[in-house]
Amino acid sequence: MRTAVIGGGPGGLYFAALAKQLAPQEEITLWEQSAPDESFGFGVVFSDETLDGIAQADPEVYRAMSAEFARWRDIDIRYAGARLTSGGHGFAALERRRLLAILRERCAALGVDLRFRTQAPPVAELSAGHDLVVAADGVRSATRQAYAGSFGPRLDERGCRYIWLATDRVFEAFTFIVLPTDFGVLQVHAYPYDDRRSTFIVELGEEAWRRSGFADQDRDLSVRRCEQLLAEHLRGHRLIAGDSSRWINFTTVRNARWHRGNIVLLGDAAHTAHFSIGSGTKLAMEDALALAACLHEQPSVAAALGAYEAERKPVVESTQRAAQASLEWFEGIGGYTAQPAPQFAFNLLTRSRRVTYGNLRERDPAFVAAVDSWFAATEDAATEDDVAEDDVATTSVPPMFRPYELCRTRLRNRIVVPPLATFTSVDGVPSAFEAAQFAAHALGGAGLVLAGMTAISPEGRATPGCPGLYTDEQERAWRRIVSAARLLPGTRLGLQLTHAGRRASTTAPGPDGIGAPLAATDGGWPALAASALPWDAQSPPPRAATRAELADIVRDFAAATARAERAGFDVLELQMGHGHLLSGFLSPLTNHRRDEYGGDLAGRLRFPLEVLAAVRAVWPAAKPLLVRISATDWAEGGTQAAQAVAICRALARGGADAVDVSTGEVVAHQRPQYGRSYQTPFADLIRNATGIPTIAVGAISGHDDANSIILAGRADLVAIGRAQLHDPLWTLHAAADQGYTGPGAPWPAPWLAGSRKPPGPRADRVPPRLQLLRAPADPVNRRWLPKAHADPHPHADPHPHADPHPHADPHPHDDAHADRSA
């Protein structure tokens, strides 16, 4: 077998070494146009997981790498005059140039034909003359470009500028520096990679970069300017530029397919992930290991390439989702610079949603305890005196079980059960199943339980099975349901009101969440909308509402609101998202009107604000009024984040007390970016841009995520939907899992015997001691303090012990916190 490798970076070299090791008789040739000692970048970082793989796959390479690692466990966040430290993370780094030398030496020892300073032959020629062509030719891959039609590349250039530098200051930990300036927020990602230098990446938003003057400066002047701006943190040390150091925008590379015939992409040619979450070198070397293994395991090259892509693509896509969340967090970092230092640090550490409240608590209990303490003190200051006797003053309460005051209404915890439709009503009268579900969720411990989607008129129902609140019979039924759900005192009960608009008159939705149009012969009725635009090609067009009909709808909303108050609900929510009538007015994709209710955003807001005003006039001022919106349509030309912020500001001025932030379902051709808690960034954006309280919704199913969202300040409340259908006692079980027994999650008295989690199999087994001497536990805090390097300015740090929340390293130069292995 003859294999051609294009590219002599870590991925290409490591693959060549592994493949030759597994099949010494095969011919492997590697082409690299640069010289052997040329290298882009400075240091590279590895996770313990990747290192375990390297140690197993090639112990010689691992031994050579580990002999030169800089190792540490801490992350320092320098923000608002404080240094905050979180430990227990685990990092290993070394100089990229040295890594390449180790891999070259290994390849040469194994007999790989290395051709440096040599341009690879055309890929078509290589493909014809070899059994396999591995394209490890980087982010600007010529191979990928040559066969773009087969690989289907998507290149997403992002909105921050960054420059990759080094410094001769040896940082003791992975260090984030956040520096607000008069031109914008400047941030630094820095980490040591040997006993002489650290990687030092400077990043700022595009507009800030232009306002700063960097756009008009050459590289050397930019580097000197960065030295001046960051002098406090460099402590007399210099910044060092490399051959590839220049201001660039990060590009996320994705490919629909990774192989074509006998050609396969590897590393940056196939994918990139933002540097704020990890190393492209790490991903490339993991690719190399998987590809070499698949070639060894599979009966043919074709089968091996298919197995490689099937194995690696989900791993990379998961990493890219986390990296996307991280890079977007840094792109919007200006929205967080008003946060107190403890919350900002926790927010930064959990930005990718891979690190969570519980995960961080396992790594560094003291850090999370300090943030909890700050959060408790903040919440105590905002809590009314009549709840001082509760456990709000203790720091052992998970954030989700802290009470929340919303418009003079106290919620005992931060968990919301959103409207969960049953489609079991008859003529708009809620069914026995609806009543049973509502009572079960009210008993399940959540602070707020919402019923819905409840129509304000017969034609406003989405399906014949949807409940309404437009008749006396319906009002009486809801009153009975609310009364029955008061079995657990303190649970707040709410109702969502809606007019389904063009999404009306459909069957109950199927597995895709979309109902089919309901024919008139099956009881269907004409739909009303902002504009006469059908949902999809199979749906009949709705009728564009006249001004008289809009006035009637305003009155219907007000009348249903009065009925909701008489029925005893504590909270009311208006549905202005998901393509329902009010949502149809807000989105430019569904509102093509030419009167005062269409056109620009002010026109599109006019009718929803008229409804809000009418409802606010009827609904008691002391009771919360929520609005649900779709913060993005997930479609080109639709509502985007900036418009969502403007909409929420208008809603707050109009009397909304909080926004329930959902997304999508406005148009049939949407393309949502699904994933765990994928809608939370929109709640985060709106909360921090407007100051209005928000509810985060969408694919949130674990208490760990709920705690993370609340403590980081991404939302004030968290809605648990599908997980609540799986387990109506979700909140109580979350309390049991976390060992919490306070007033934020009271069990109904008849169920107290079940409040402790039942023991599982072998729960009574006590393991015997099988170690003569127990290994000491790894220290949580570990700094990189190589003996060979003595900082010439050991006392120049202006904030060595700033802000004990959470938690400045109490012994910044104590040998017990340092790894001296290198």
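A residue is called buried when its relative accessible area is under 20%. In this predicted model, S198 has a relative accessible area of 0% and is therefore buried.

**Confidence of the model**

The protein has a mean pLDDT of 91, and 94% of its residues reach 70 or more. Residues 385-390 fall below 50 in pLDDT, and this stretch has 4 contacts beyond near neighbours in sequence. Under 50 also lies the pLDDT of residues 790-822, for which the model has 80 contacts beyond four places in sequence.

**The surroundings of S198**

S198 belongs to strand β13, which covers residues 198-205. Leaving aside residues up to four places away in sequence, S198 touches L165, A166, T167, R169, V170, F171, Y191, P192 and Y193. One of these residues, Y191, is also a member of an aromatic cluster.

**Aromatic pairs and the cluster**

The whole structure contains 29 aromatic pairs. One of them joins F91 and F174, whose ring centres are 5.4 Å apart with 35° between the planes, a tilted arrangement. F91 is in strand β7 (residues 91-95) and F174 in strand β11 (residues 174-181), so this pair ties together parts 83 residues apart in sequence. A second pair, W329 and Y336, is stacked, because its ring centres are 4.9 Å apart and its planes stand at 10°.

| Residue | Relative accessible area |
|---|---|
| F91 | 16% |
| F174 | 10% |
| W329 | 4% |
| Y336 | 8% |

Both pairs fall within one aromatic cluster, formed by W72, Y79, F91, F174, F176, Y191, W329, F330, Y336 and F344.

**Charged groups over rings**

Two arginines are placed over phenylalanine rings. The charged end of R225 sits over the ring of F214, at 5.1 Å from its centre. R104 lies over the face of F116, with a distance of 5.9 Å from the ring centre.

**Summary of the links**

Y191 connects the two descriptions given above: Y191 is touched by S198 and is part of the aromatic cluster that includes F91, F174, W329 and Y336.

How values were computed. Residues numbered from 1 in each chain as written. Predicted model: local features only at pLDDT ≥ 70, side-chain atom pairs only at ≥ 80, totals over all residues. Heavy atoms only, no water. pLDDT = per-residue confidence, 0-100. Contact = heavy atoms within 4.5 Å. Phe/Tyr/Trp six-rings, centres within 6.5 Å; stacked < 30°, edge-to-face > 60°. Helix = DSSP H or I, 4+ residues; strand = E, 2+ residues; numbered from the N terminus. Buried < 20%, exposed > 50% of the residue type's maximum accessible area, 1.4 Å probe, protein only. Lys NZ or Arg CZ within 6 Å of the ring centre and 35° of its normal.
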